[in-house]
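Dear colleague,

Please find the structure below, with its sequence. My notes on it follow.

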Amino acid sequence: MKVLKITPEKCTGCLRCELACSYMQTGQYQPAKSVIRVSPFEGHTSYAPYTCTQCAEGWCMTACPVGAITINVAGAKDVRDDVCVGCKLCTIACPYGTAFYDPDTRKAFKCNLCGGDPACASACPTAAITYEDTATVDWIGDFAAHRAGRLLETV
Amino acid sequence: MTTATVRTSANVPKAAKGAAAQPAQPGFAGKLLRVDLTKKRCWAEAWSPAEMQELLGGIGLGAMILYRETKTKSGKGNVSWDHPDNRLILATGPLAGLPVWGTGGLTVVTIGAGTNGPTSTQANGFFGTNLKYCGYDAIVIQGQSKDWVYLYINDDTLELRDARDLAGKDTWETQDTLSGKLGLTGHQLSVYSIGPAGENLCRFAAIQGDYGHVASKNGVGAVMGRKKLKAVAIVKGTKPLAVADPRGLMQAADDIAHALKTDPGSKSLYEYGTLPGVVNLSKLGVLPIKNYTTNVPPADITEWAAPKLREGFDHRGHQCNACGMHHCHMSIIRSGPNKGQTIDEPEYEGWSGAGWTIGATRPDQIADVAWLNTQLDRACLDVNEFGWICGWVMECQEKGYITEQQLGFKLAWGDIKGAHRLMEMISHRKGFGNILAEGVKRAAEKIGGPAKDCAIYFEKGAAPRGHDHRGRWEEMLDVATASTGTMETGNPTFPTEVGQPARINPYDGEQVAHYVAGLRGRKNFEDSLGVCIFTVRCTLELICRALNAATGWNWTWADAVRFGRRTAAINRVVALRGGYTPAIEKPSKRYSSTPVDGPAKGQSIAAQWDKMIDVWYNDVGYDRKTGKPLPETLRGLGLDWLVPEVWGKKA
Amino acid sequence: MAARHLIIGGGTAGINAIRTIREEERERSEITLVSAERPYSRMVLPYFLDRSIAESHVYTATPRILAEWGVKSHVGRRATSLDPKGNVVTLDDGTKLEYDDCMIATGSSAVRAPVAGADGANVHSFWTLDEAKGVIAGIAPGSHVVMVGAGFISFTILNSILSLGAKLTIVEIAPRILPRMVDGPGAELVEKWLEKHGVTIRTGATVSAIEDVKGKPGTPARKRIKFARGAKGGDIIADVVIMATGIKTNLDWLKDSGLRIDRGIVVDSHLRSNAPNVYAAGDVAQGPDLIAGGTSIHAIEPTAQEHGRVVGANMAGKDVQYRGSVIINIVEVCHLDVASFGAWDDTTAEVISASRPDRPAYRKMLFRGDRMTGAIILGPSSDIWTTNDVGMLKGLVQTGQPLGQFKERLRQQPFDVKTAFIAAKTTARLLPETVVGRPSKAPGDTPVAV
């Protein structure tokens with residue numbers, strides 16, 4: 001399966017992925033609703049994007065009481081808008097923090113790999129996000145540990 | 001169960017929801033945020049699609065607000081920079097917050113403390129992104145607070161909050177404190193603030209934001225300090241921004257990006273930002289060394305080549321909104337007394353102002369120069385004018401024009417620690433620093449005598465950017481004639497697109513003057529869009545494509561140029577109202593002196609100056625004697641309504 | 001002969017068990033379902049109540065789906081006794097069902113506080129679909145609805161009642177709201193938020209009686225709610241009263257079964273009772289508790305779902321150990337998310353907490369050493385960063401990932417969970433984790449009978 005590979009060392013925190021993502025997810029530029037989220041790991045610097053891993057368990061999918069989350073053609077867990085009632089159970093079932101709720105639509109939403117052509121990867125100007133046929137791993141754990149750890153050590 | 005809404009084909013966005021609630025004009029948030037610090041009030045003000053098309057944003061919008069709102073009550077002249085009725089306009093533009101590279105910044109427009117006239121100065125970061133997604137295109141601040149406050153913006157929550165606990169903090173500490181207090185990390189919060197220099201009304205205080213982005217020209221930080229506004233803190237808004245053609249915009253953005261990556265004129269900027277300037281400009285005699293006392297760099301300047309400057313630090317990319325340049329970086333100092341400290345990688349102008357100008361030219365000083373540059377950002381002093389002040393004091397002390405006793409300590413060329421001490425004195429107005437805080441022109445005039453002749457400034461009260469303009473005449477002429485106290489025309493970018501030659505003889509005053517006049521317009525247009533100048537180093541046609549995709553308009557390069565010239569004319573009228581005359585359009589003696597060595601040796605701009613001014617006035621259609629834009633010039637720009645005010649009812 | 005699986009209870013646990021059996025089994029088995037009601041999702045009743053979804057949307061396994069799955073169903077029937085030795089269950093119509101293995105998932109029922117008049121007209125519970133229909137019929141725009149009980153159940157329907165244009169008063173016997181979901185400071189913030197949104201709250205108030213108000217003949221009877229002495233404020237007149245005063249597990253029918261019952265049916269790590277071929281799941285199962293150790297009843301939807309899947313896999317012949325359940329709860333009130341996880345009420349744990357009343361936002365994180373054991377989080381439901389942290393807190397509690405030095409980061413900035421979560425490599429820990437030992441299948445991918 002093709003997955004979003006994150007190379008955190010290349011991320012500069014420009015948040016262009018969030019703009020592209022929000023456009024694909026909502027039809028408008030509205031980064032507050034991006035499902036890929038860029039955050040800093042070393043004070044105000046060392047940014048990396050974070051999004052759904054499309055994990056094997058699919059905690060969101062199994063938690064959904066109405067079967068509104070399914071697996072789409074790209075292999076991503078995807079919310080069916082016409083089935084989702086907006087109960088938010090997926091948002092607390094997902095232990096990665098990547099299942100969201102939109103109060104405007106009253107539906108859950110999450111990364112669905114844009115159906116196989118993820119906008120974040122196309123938008124990333126530094127190739128920190130790429131879409132590759134590889135196994136999902138914890139792409140940014142070591143990076144975050146190193147960068148965040150540096151500041152904690154100097155305190 | 002149906003699977004109709006599951007995405008079965010790739011790359012198809014969901015349909016936008018709630019489209020009816022969108023503002024009428026795509027590309028804009030649709031409102032201006034008004035703040036009255038005296039009355040402690042914040043309110044939203046709608047502006048019309050027609051005004052948006054007329055003024056765009058940035059300096060276009062700001063110039064018009066200054067024109068309308070900074071006239072004194074008596075109707076004669078402008079309010080001065082420190083008057084409560086002065087406006088401080090922090091404006092984005094139609095491309096801000098969108099996926100075009102480098103679209104997070106702001107243009108600051110106000111009556112500046114340097115020239116006491118209109119000014120426009122830019123900084124990048126995430127201001128524009130956070131503000132526009134809160135629903136505002138610009139912030140217009142008036143009045144003066146009694147105590148320190150900061151402006152808090154979070155969508156529709158607009159508050160002036162107590163900032164007494166922030167007073168005295170530098171700009172980075174201010175942002176750290178607000179982030180901690182509000183519980184927001186990274187770009188969730190954008191903060192533009194002043195440090196001690198702004199609080200103490202230094203005439204060249206800047207506004208600094210998002211760790212390393214500085215709106216530095218013409219004392220805008222002093223204006224903010226006089227208003228007792230410590231910071232503007234903007235939570236990233238949650239509103240949508242409608243654009244006319246989202247896909248077209250992404251496509252135009254990608255085309256601009258391609259141009260930046262591949263065009264020889266911008267490729268090195270794409271790779272290294274402004275770092276290559278140090279070595280490249282030294283070859284042209286444009287790198288300012290030791291307060292213009294020489295123009296010959298040492299042989300080991302190769303250690304200042306861009307890759308070395310970057311690799312010398314443990315660096316991390318730190319770009320502005322949607323930007324793919326390898327420009328801004330955060331650097332961690334690897335060794336020495338400041339080991340482990342995080343600094344903002346200096347721009348070319350940091351290396352020159354905090355380094356070369358003050359005689360710190362040894363490769364082993366690179367980390368110290370970078371450190372000093374960040375300290376200046378944190379204190380909120382313009383690194384350029386600091387360089388001219390510090391270099392001047394160093395030279396004057398060497399020559400005995402300013403004594404050790406007067407200054408309080410010995411300050412020799414290249415002494416970074418001493419320069420930092422000077423920075424502290426200036427930003428707190430301590431001792432001799434109180435004189436220096438008035439800026440290079442006023443300090444030089446105060447000291448007088450031979451010391452004055454060593455100082456680098458413009459008669460109008462502004463200071464140049466960090467070059468030796470005795471080898472770059474366009475910029476000296478540009479700033480001298482600019483109503484804003486800083487560049488109005490800017491450096492040539494695709495000059496042939498606007499009918500100008502690709503190259504000129506840089507030491508032919510007439511050619512230079514035609515060139516500066518002929519290139520006018522583009523910069524004001526760029527500075528009205530909410531973009532970084534470095535990410536629009538492409539043709540105007542391409543920029544217009546992005547603008548049109550965002551707004552649904554149909555602008556051409558000619559519209560863009562006309563818009564920029566119209567904005568310049570409005571700025572000129574505001575400046576004239578404040579007493580501006582062509583008599584002050586002059587560089588200081590040292591600034592316009594003839595280089596004694598180096599690549600520009602023997603080239604005298606002073607000898608050609610008057611001719612250059614004549615040509616420029618003739619070309620731009622302004623009156624040489626009064627400085628006024630001629631009636632036909634105003635009419636040609638669609639500013640017929642300004643003619644009676646400028647020329648009287650008979651004209 | 002094909003294995004005979006008997007599922008008693010058509011709620012979340014039951015339907016998940018059936019699906020999982022079909023997904024896991026090597027040979028086609030016989031599945032029988034006994035369900036007192038048509039299978040539906042209790043979680044979505046609030047959305048049925050506010051009329052944003054149709055009744056048809058509430059059902060999880062329609063007769064057609066059950067037929068596709070090859071399930072013999074006894075809908076509308078209750079089991080009345082279990083004979084684990086004879087492997088027989090008797091239904092209320094006298095039917096006897098033999099099984100090879102059986103799962104008990106009979107869930108809970110609402111109970112009303114013992115108050116005079118609590119069973120009168122226009123006094124409702126909100127638990128089953130039928131009860132929901134009763135509430136809907138009673139509410140009109142402008143109605144005054146009084147909810148007795150300020151717990152999770154009331155809060156799940158609070159938005160729905162407001163969106164119907166009703167006026168709402170919440171009455172709670174305890175000194176504060178949500179006593180079993182958030183702590184004091186969190187409850188205070190929610191209380192203020194609700195008052196700001198026009199909800200009247202009366203805490204520390206014991207209802208003594210609910211009486212009819214005499215009105216004109218032919219008009220619906222209004223209710224007068226009287227309070228015990230000492231409660232502040234006078235009587236309340238209501239159009240509709242909802243008693244959300246608690247639930248109890250449906251275990252009475254098992255009295256004579258010989259199953260070991262403590263607070264619920266005590267089950268082992270395979271969710272088996274003391275009768276090895278009798279499993280229990282959901283609200284009736286006292287199963288492994290991931291945080292506290294030992295066994296607990298966690299009467300929440302996600303536990304029922306996981307129980308059901310683990311039992312289903314085991315019934316299908318897999319050997320799946322359940323790692324234990326974690327309490328997770330979320331409720332949204334007027335666009336404020338309120339969530340809690342794990343041992344959020346552990347008074348002996350180390351605590352990091354922070355509040356930003358102006359946003360509003362509140363966090364409380366509880367630790368044993370460098371592992372998070374519980375958490376409370378409140379924040380605007382529109383704020384994705386809050387939701388981001390909601391999930392990450394669940395992840396940290398669920399995994400008990402050692403945070404090491406990054407616990408300090410949470411102390412420095414309690415509103416930034418992600419740095420600690422990611423730097424502690426919680427993602428790496430979570431990625432291989434699954435409930436039934438393999439990647440989950442999408443809802444539509446369950447094999448169907450041919």
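The centres of domain 1 of chain A and domain 2 of chain A, taken over C-alpha atoms, are separated by 21 Å. Please bear in mind that this is a predicted model. In the domain assignment of chain A, domain 1 covers 1–51 + 117–155, and domain 2 covers 56–110. Between these domains, five residues of domain 1 of chain A are in contact with six residues of domain 2 of chain A. On the side of domain 1 of chain A that touches domain 2 of chain A, two residues are nonpolar, two are polar and one is charged.

Chain A also meets chain C: 49 residues of chain C are in contact with 45 residues of chain A. Several elements of chain C each supply at least two residues to this side, among them helix H7 (301–315), strand E22 (328–333) and helix H8 (384–399). H8(C) gives the most, with 11 residues. By class, the side of chain C that touches chain A has 21 nonpolar, 19 polar and nine charged residues.

Which residues of H4(B) are buried? They are Thr171(B), Trp172(B), Thr174(B), Gln175(B), Leu178(B), Ser179(B) and Leu182(B). Because these residues cover an arc of only 160° around the axis, they lie on the same side of H4(B). They pack against strand E9 (189–193), strand E10 (207–209), strand E12 (229–235) and helix H12 (366–379) of chain B. After H4(B) comes Gly183(B), whose phi is positive, near 70°.

Yours sincerely

Note on methods
Residues are numbered from 1 along each chain as its sequence is written. Chains are lettered from A and ligands numbered from 1 in the order in which they are written. This is a predicted model: local features need pLDDT of at least 70, side-chain atom pairs count only at pLDDT 80 or more; totals for chains, interfaces and linings use all residues. A residue is buried if 20 or more other C-beta atoms lie within 10 Å of its own, exposed if 12 or fewer, and partly exposed in between; C-beta atoms are placed from the backbone. Helices (H or I, at least four residues) and strands (E, at least two) are DSSP runs, numbered from the N terminus. The arc is that of the directions from the helix axis to the C-beta atoms. Two residues are in contact if their C-beta atoms, placed from the backbone, lie within 7 Å. Ala, Val, Leu, Ile, Met, Phe, Trp, Tyr, Cys and Pro count as nonpolar, Asp, Glu, Lys and Arg as charged, and the others, Gly among them, as polar. Domain bounds come from an automatic or database domain assignment.
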